[in-house]
Amino acid sequence: MAKLLYSVTMSADGFITGPNGDMQWMRPYLSAIPEVDELIPQIGSILVGRRSHDGDDPHKGDEGEGKAFGGGWDGPHFVVTHRPPQLPEPGVTYVDQLPKAIAAAKEAAGDRYVNIIGADIARQCLAAGEVDEVLLIVAPVFLGDGTRVFEEPGGRTIRLRPHPGSNLRFDVLR
């Protein structure tokens, strides 16, 4: 059965976007990340929030613009939103409820990962107890502002255990 994995590239100070959702900061760090290269063939589907789906693309202006992992992965996307677009995209399913989106993404993924993209949808999945693993890729830069990899106003502790053989891959403890 599919597992949910929150994989994310973040700055050394814990931001996944710069101010106003800017993803262009990531451009110098996109090439040849071994953890991503290993992960891509293990992904069966993508679960993403609408803001991340519609947001800035670090591959803007490149051949990989608008494609998952810059075109390195192709498959079913499930976008959680209460505002589906007038013109849906091929390969993208818009779902208005998180539990239904998770179930559909798991079914589509088979025995591979459902890769979660976006801080808010990851936070919601963590709150629902649905995230199995977290993969953090740290880019050597401080952004100083933007969207944090995880933010819970008022605080909430999510315990993680290092995944065997990895420094930045963790199992979520429930």
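Modeller: We can begin with N20, which sits in the loop between β2 (15-17) and α1 (34-39), where helices (H or I, at least four residues) and strands (E, at least two) are DSSP runs numbered from the N terminus. This is a predicted model, in which local features need pLDDT of at least 70, side-chain atom pairs count only at pLDDT 80 or more, and totals for chains, interfaces and linings use all residues. Residues are numbered from 1 along each chain as its sequence is written, and side-chain values use heavy atoms, with hydrogens and water left out.

Biologist: Why is N20 counted as exposed?

Modeller: Exposed means over 50% relative accessible area, buried means under 20%, and partly exposed lies in between (1.4 Å probe, protein chains only); N20 has 86% relative accessibility, and therefore counts as exposed.

Biologist: What makes the backbone of N20 worth a remark?

Modeller: Its phi is positive, at about 60°, although N20 is not a glycine. Most residues other than glycine have a negative phi. F69, in the loop between α2 (50-54) and β4 (77-80), also has a positive phi, of about 55°, and is not a glycine.

Biologist: Which class of accessibility does F69 fall into, and why?

Modeller: F69 has 27% relative accessibility, so it counts as partly exposed. A12, in the loop between β1 (3-11) and β2, is partly exposed because its relative accessible area is 42%.

Biologist: Why is strand β3 described as largely enclosed by the rest of the structure?

Modeller: Strand β3 (residues 43-49) has 7 of its 7 residues buried, so the strand is largely enclosed by the rest of the structure.

Biologist: How do you know that β3 and strand β6 pair?

Modeller: Two strands pair if DSSP finds at least two bridges between them, and β3 is joined to β6 (residues 113-117) over 5 bridges in the parallel sense, with I43 standing opposite Y113 in β6. Towards β4, which runs parallel to β3, there are 4 bridges, and G49 stands opposite V80 in β4.

Biologist: How do you know that the side chains of N115 and S7 make a polar contact?

Modeller: A polar contact is a pair of N or O atoms within 3.5 Å; within protein, one must be able to donate a hydrogen and the other to accept it, and residues adjacent in sequence count only if both atoms are side-chain atoms. The side chains of N115 and S7 are joined by such a contact, of 2.6 Å.
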